[in-house]
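Subject: Structure for you to look at

Hello,

Here is the structure I said I would pass on. Please open it first and keep it beside you while you read the notes below.

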Amino acid sequence: MNAVEIEEAVSALAEKPFDRAEFPYAFLEAFGNKQTTLKRLRSGASNKSDLGGVLQTNNIHIATCDPGQVTVTLQALKASPATARAKAKFILATDGDSFEAEDLTSGETVACAYRDFPDHFGFFLPLAGITTVKQIRESSFDIKATGRLNRLYVELLKDNPEWGTAARRPDMNHFMARLIFCFFAENTDIFSRPLLFTSTVQTMSASDSSNTHEVISTIFRAMNVKAADRAAGGIPRWADAFPYVNGGLFSGSAEVPRFSRIARSYLLHIGSLDWKKINPDIFGSMIQAVAEDEERGALGMHYTSVPNILKVLNPLFLDDLRERLAEAGDNPRKLLNLRNRMAKIRVFDPACGSGNFLVIAYKEMRAIEAEINRRRGEADRRSDIPLTNFRGIELRNFPAEIARLALIIAEFQCDVLYRGQKEALQDFLPLDTENWIICGNALRLDWLSICPLTGTGVKLQADDLFSTPLDQAQMDFENEGGETYICGNPPYAGKGKKTPQQIEDMEFIFGPFGVKHGYIDYVGCWFMKAVEYGARAKSAFAFVTTNSLCQGHQVPLLWPLLFRTGYRISFAYTSFKWANLASHNAGVTVVVIGLSAETRKLPRIFTVSADGAQLSKEVSNINAYLVAGPNLFVEKRSDPLGGAASMDLGNMPYDGGHLLLERHEIAELGLTEDLEKKLIRRIYGSKEFISDNPRYCLWIEDSMLVEASKVPGVAKRIEAVRAMRLKSPDNGGRALAARPHQMREMYEAQHHTIIMPRTSSESRPYLPVGLLDARSIVSSEAFALFNAPIWQVSIIASRLHLVWIATVCGQLETRYRYSNVLGWNTFPVPPLTAKNKADLTRCAEDILLTREAHYPATVAELYDPESMPADLRAAHERNDEVLERIYIGRRFKNDTERLEKLFELYAKMTAGQGTTKKQKAKATA
Ligand SMILES: C[S@@+](CC[C@H](N)C(=O)[O-])C[C@H]1O[C@@H](n2cnc3c(N)ncnc32)[C@H](O)[C@@H]1O
């Protein structure tokens with residue numbers, strides 16, 4: 001069940017008469033428990049309650065009670081030994097009149113009237129396995145409203161299928177935006193009477209719903225005509241109570257889809273919600289999911305949360321405004337200057353969705369302005385911050401509509417908050433007419449036409465906000481001397497994830513620079529557009545983006561282009577986990593990057609630790625890997641820096657599967673014991689090594705070919721390889737047909753092989769390097785160091801190496817992608833003494849022997865972060881200790897410090913080297 005479905009079930013439960021015996025089961029059912037689970041609880045089989053209630057292990061202990069006994073019952077639930085034994089996360093007591101509950105993990109409580117408990121359903125979402133951030137938990141209203149609108153939308157499309165076609169979707173979206181406005185307006189006194197819209201529809205439309213569309217259409221028409229013109233416009237008197245709204249929201253066609261009886265009752269029901277509670281930061285993101293068939297269930301919950309939006313906006317410009325406010329104290333002139341400055345700040349989000357960055361920026365600025373006005377004794381002064389200074393581009397029509405609405409609602413709510421309901425109402429209608437959210441492709445529009453140089457541009461001629469063609473990118477709002485801040489969370493789309501249109505956009509943006517953009521994430525285009533804009537109009541910008549933009553291959557492709565424009569990184573949040581709704585956001589790691597051409601302030605680097613704590617420090621420069629240090633780009637090298645052994649990819653079988661064998665296939669070859677020993681080897685790629693499940697292969701030295709060919713099973717396989725290679729489309733492949741008994745390479749070790757898988761899950765705390773005996777073969781699915789000294793295992797197994805690989809090689813989805821030429825060959829190791837090497841050898845042996853002690857546990861099992869054995873962790877800790885002391889004489893404090901040191905050393909070790917053409921040519925993997 002998703003959050004909307006749960007909310008609906010919970011609301012339905014609250015509306016039913018309270019049944020003391022049944023309530024606990026009905027409550028659990030509303031949170032998605034299956035009938036079989038409930039049956040077991042009812043029978044007592046899984047009910048662990050010691051208070052006559054219902055106790056579901058690891059979840060909740062519920063007790064219903066006599067009237068007036070709720071608080072005591074909750075205390076009893078809390079004190080109950082069974083609650084602790086069953087590790088219940090929640091306790092809940094109710095008598096059908098009042099309702100109390102506690103989250104035993106956080107200590108948060110809910111106490112409300114029984115009929116209101118659905119307002120707190122977000123509090124209990126963990127019961128359904130949905131972990132949410134606080135803001136979603138507290139957005140019961142927005143979830144409820146979205147769920148109801150969702151149902152209405154689907155119901156209307158059933159009866160009006162043509163409104164669902166591509167051609168009419170914009171009309172449908174516009175209709176929904178109008179409805180939302182009406183619901184908001186009738187609950188906030190914007191309309192002259194509470195519930196004016198809903199009650200008018202109810203009384204004027206027939207209960208069989210046959211004329212509902214006509215009644216709504218008439219109301220919409222009325223709101224587009226000034227009072228004086230209504231009689232002439234044929235507006236019936238009953239619609240006179242509706243105000244003139246303008247702003248384009250009600251201009252254009254007033255056509256309304258036809259309503260079935262069900263749709264009409266949904267509409268009336270939606271009207272009964274308390275729309276005052278709408279939160280435009282979050283509502284827009286949720287509501288936009290209504291219009292997207294495949295998004296509906298997800299509720300738009302992968303939207304950017306407010307704390308994450310503030311990670312962009314605060315360092316970009318809000319912190320500075322707040323500092324200026326603090327500096328100004330009560331000095332009226334300084335306060336006035338700040339207010340004047342703020343009135344000219346433009347905030348521009350070129351992938352604005354439903355406008356959440358703009359809404360938050362607006363609300364935060366209004367808060368600062370309100371404080372200025374308070375200190376200047378002008379508390380109810382009209383705001384000087386024009387909504388028109390908050391601009392956006394959005395590709396999809398519905399979010400663009402909603403963004404406009406969200407900003408209007410935010411403005412009204414801020415006016416009510418800071419100036420009072422009366423003043424807010426006075427200024428609200430008619431709506432402003434300027435078009436400040438463009439619907440279009442941000443990568444094809446000239447941003448200067450949306451945020452022109454201050455004081456220039458073409459005056460927008462359109463007469464209203466909502467009917468202005470959404471793709472009309474012409475805006476000019478006088479803003480002389482103003483600042484422009486570009487922000488947002490543009491779409492990421494990594495390699496292999498781009499649509500053909502997005503690939504064309506990439507070519508459009510990067511083509512002129514001759515950059516191979518295949519590796520660059522789509523979001524990289526927004527950085528390019530922003531610096532291009534910055535070359536023409538002074539601005540600073542910051543985006544949330546995938547961390548891959550600052551890792552591996554993408555860095556040397558994208559960042560030199562950005563830096564050469566004179567921009568530098570002014571602040572950065574290093575990688576942090578994206579968390580709104582855990583079940584919908586698993587695995588996304590993002591960064592926030594701010595760029596500016598301004599050099600007066602030192603750059604600031606922010607880190608978010610696993611427990612959410614935030615640290616920041618000023619540094620002299622932030623490079624493209626988001627590390628404090630000089631700007632440099634780590635490029636592939638054909639041989640290792642310093643004295644490390646060379647690392648190669650293993651052997652490519654190129655065999656159509658005929659040289660490789662499963663265990664049972666060995667017997668089918670009919671080899672003698674002696675020949676089996678000579679011809680068959682274990683072979684490991686990444687998967688085989690990590691899961692300790694080797695395959696086997698024919699390994700035939702030239703000297704053994706004659707003897708091997710006498711075995712029919714072997715000869716048949718060799719022939720099959722020859723046939724397969726002869727069919728190869730490339731010369732190299734066909735040439736290999738001349739020695740079909742062998743793999744493309746025939747690398748093997750005399751003593752041992754150090755194996756390093758090509759990819760490894762990012763959840764593992766260390767890279768899964770290993771040691772194989774000399775007879776084991778490594779396939780091209782892994783890297784190998786043949787006969788290399790064992791201390792090199794210590795290097796690869798270290799935390800230092802892992803953070804380097806994660807940064808310079810990048811990731812493949814959620815796996816580290818190892819590279820010999822980009823990761824191993826570039827890894828800076830300081831000169832090692834014989835003693836250092838001996839110490840590291842001991843550490844490596846320790847790690848390997850500790851693993852052995854856990855035989856038959858596989859590497860995958862041993863490095864599972866949840867269950868990694870303590871002695872293995874300790875062996876790695878010792879290894880890190882010894883290696884890190886070699887680098888700086890102590891342990892590093894954190895990964896940030898590790899990277900800073902590595903980059904510093906890398907810069908020193910490569911100084912004056914450059915990358916030779918020969919090196920580049922040799923560097924292939
Ligand atoms: C990751 S969402 C962020 C939206 C919003 N800030 C939020 O947090 O929900 C990216 C937005 O960019 C829009 N988008 C995608 N490609 C675009 C393009 N080429 N031009 C403009 N907007 C685009 C998407 O429709 C989506 O609304």
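Start with the hairpin formed by β4 and β5, which has 5 residues between the two strands. Gly107 sits in the turn and has a positive phi of about 80 degrees. Keep in mind throughout that this is a predicted model. Strand β4 covers residues 98–103 and strand β5 covers residues 109–113; they pair in the antiparallel sense over 5 bridges. To find one of these bridges, look at Glu102, whose partner in β5 is Thr109. In a regular strand, side chains alternate between the two faces of the sheet.

Next, the ligand. Which residues come nearest to it? Of the 18 residues around the ligand, they are Thr304, Glu394, Arg396, Asn441 and Ala442. The shell is made up of 10 nonpolar, 6 polar and 2 charged residues.

- An N or O atom in the side chain of Glu394 is 2.6 Å from an oxygen atom of the ligand.
- An N or O atom in the side chain of Asn441 is 2.8 Å from a nitrogen atom of the ligand.
- A polar backbone atom of Ala442 is 2.9 Å from a nitrogen atom of the ligand.

On its own the ligand has 590 Å² of accessible area, and the protein covers 88% of that.

Then the aromatic rings. A pair of them is described by the distance of the centres and the angle of the planes. How many aromatic pairs does the structure hold? There are 48. I looked at two.

In the pair Phe412 and Phe428, the ring centres are 4.9 Å apart and the planes stand at 65 degrees, so this pair is edge-to-face. Phe412 belongs to helix α16 (residues 397–419) and Phe428 to helix α17 (residues 421–428), so the pair, 16 residues apart, links distant parts of the chain. Phe412 and Phe428 are both buried.

In the pair Trp804 and Phe827, the centres are 6.3 Å apart with the planes at 70 degrees, and therefore this pair is edge-to-face as well. Trp804 is in helix α29 (residues 799–808), whereas Phe827 is in the loop between α30 (820–824) and α31 (834–853), so the pair ties together parts 23 residues apart in sequence. Trp804 and Phe827 are buried too.

Last, there is an aromatic cluster whose members include Phe18, Phe90, Phe99 and Tyr114.

Regards

Conventions. Residues are numbered from 1 along each chain as its sequence is written. Side-chain values use heavy atoms; hydrogens and water are left out. A residue is near a molecule or strand if one of its heavy atoms lies within 4 Å of it. A polar contact is a pair of N or O atoms within 3.5 Å; within protein, one must be able to donate a hydrogen and the other to accept it, and residues adjacent in sequence count only if both atoms are side-chain atoms. Accessible areas come from the Shrake-Rupley method with a 1.4 Å probe; for residues, only the protein chains shown count as cover. Ala, Val, Leu, Ile, Met, Phe, Trp, Tyr, Cys and Pro count as nonpolar, Asp, Glu, Lys and Arg as charged, and the others, Gly among them, as polar. Two strands pair if DSSP finds at least two bridges between them. Helices (H or I, at least four residues) and strands (E, at least two) are DSSP runs, numbered from the N terminus. Rings of Phe, Tyr and Trp (its six-membered ring) pair if their centres lie within 6.5 Å; planes under 30 degrees apart count as stacked, over 60 as edge-to-face and the rest as tilted. Buried means under 20% relative accessible area, exposed over 50%, partly exposed in between (1.4 Å probe, protein chains only).
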